[in-house]
Amino acid sequence: MSLPLRQCCVIGWPIAHSRSPLIHRLFAEQFGMALRYEKRAVQPGTVLATLAHLRQLGVLGINVTVPLKEEAYPLADHPHARAQAAGAANTLWFDESGQLHADNTDGVGLVRDLSFLAVNFQQARILVLGAGGAARGILPELARHNRHPITVANRNPARAAALPQANEFELIPLEREFAQPFDLVINATSASLTAHTAPALSASAVGPLTCCYDLSYGQDETLFLAWARAQGVAARHDGLGMLVEQAAEAFRLWHGKQPETRAIVAYLRQPR
Ligand code: ATR
């Protein structure tokens, strides 16, 4: 007898580049699970109508990517704590009565990747660049694990002040000199996408022992990591590991199974 087919998808705008279908297919193979996981291009402003359609189609789980995470969050009947803390959702699912649940797995994805990379984020002095949707996803989880207040640098100070729990962070303008380098600098801006540049951060933010992490990833080195290399930063990581880890947490929420991740990160890194 064949297993029932589970249907999931990722929504975003644009979505063509998404690697989530491949990652979830590789997870499903680990458990011999019959999974259909599609990408769907969804225009901003149309998430509500899309969710009604997906519910009718019998779709179980939905990942939400840029720029729809903040639009998706308030549509849930049951926002879980991590989505509430972020004010944004990247993982949705329908329960048996058709009610919509929302969670945010970005923060746990980052923290797990940092752990696998042996980056000591618990005791690090952390600088996060950006205060948009990506930053909102990671800040609550980082703050939960970190013993120091996290510094958040954003170009637009009003946007940083509007972050959930903004009073827990040290908010600073992006262009600022620092007396001492940070231990960990995380790029959560979309500068490479929107301006094709690295964020305008002072070189004084980093030193040879700083670790630089970019939530972005791609075939080529990201612009922020190229900037970090030019400053002599040895420990540089892109966001591919976080992508796989946040997907694993979504998979666990939907299917109740914890997939193995690191072989998949290695597989995705192979040149093709
Ligand atoms: P995302 O969901 O990817 O976080 P977003 O919510 O639009 O997208 O947020 C983009 C973030 O990148 C913001 O923090 C933005 O800074 P502003 O709030 O000042 O706009 C930041 N950003 C985008 N382009 C940037 C650039 N060229 N330099 C510095 N920061 C930039």
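Author: Before we start, one bit of background: the domain bounds used here come from an automatic or database domain assignment. Also, keep in mind that this is a predicted model.

Reader: Fine. How far apart do the C-alpha centres of domain 1 and domain 2 lie?

Author: Domain 1 takes in 6-104 + 241-268, while domain 2 covers 107-238. Their contact draws on 16 residues from domain 1 and 20 residues from domain 2. As for the C-alpha centres of domain 1 and domain 2, the spacing is 25 Å.

Reader: And how much area do domain 1 and domain 2 bury between them?

Author: The size of an interface is often given as the accessible area lost when the parts come together. For domain 1 and domain 2, 55% of that area is on carbon and sulfur atoms. The total buried between domain 1 and domain 2 is about 1,500 Å².

Reader: Which class do six residues of the contact of helix 5 with helix 6 belong to?

Author: Helix 5 brings Asp106, Gly107, Val108, Leu110, Val111 and Leu114, and helix 6 brings Gly137, Ile138, Glu141, Leu142 and His145. Three of these residues are polar and two are charged, which leaves the six as nonpolar.

Reader: What about helix 1 and helix 10: how many charged residues are in their contact?

Author: Helix 1 and helix 10 (residues 240-255) have axes that come within 10 Å, and their crossing is right-handed. Ile23, His24, Phe27 and Ala28 of helix 1 meet residues of helix 10 including Leu243, Phe251 and Trp254. By class, the contact of helix 1 with helix 10 has 10 nonpolar residues and one polar, and the charged count is none.

Reader: Which residue has a positive phi although it is not a glycine?

Author: Most residues other than glycine have a negative phi. The exception here has a phi of about 55 degrees and is found in the loop between helix 7 (157-161) and strand 9 (170-173). That residue is Gln165.

Definitions and conventions:
Residues numbered from 1 in each chain as written. Predicted model: local features only at pLDDT ≥ 70, side-chain atom pairs only at ≥ 80, totals over all residues. Heavy atoms only, no water. Contact = heavy atoms within 4.5 Å. Helix = DSSP H or I, 4+ residues; strand = E, 2+ residues; numbered from the N terminus. Buried area = accessible area lost by both parts, 1.4 Å probe. Axes fitted to C-alpha atoms, helices over the stretch in contact; angles between N-to-C directions. Left-handed = near helix turned anticlockwise from the far one by under 90°.
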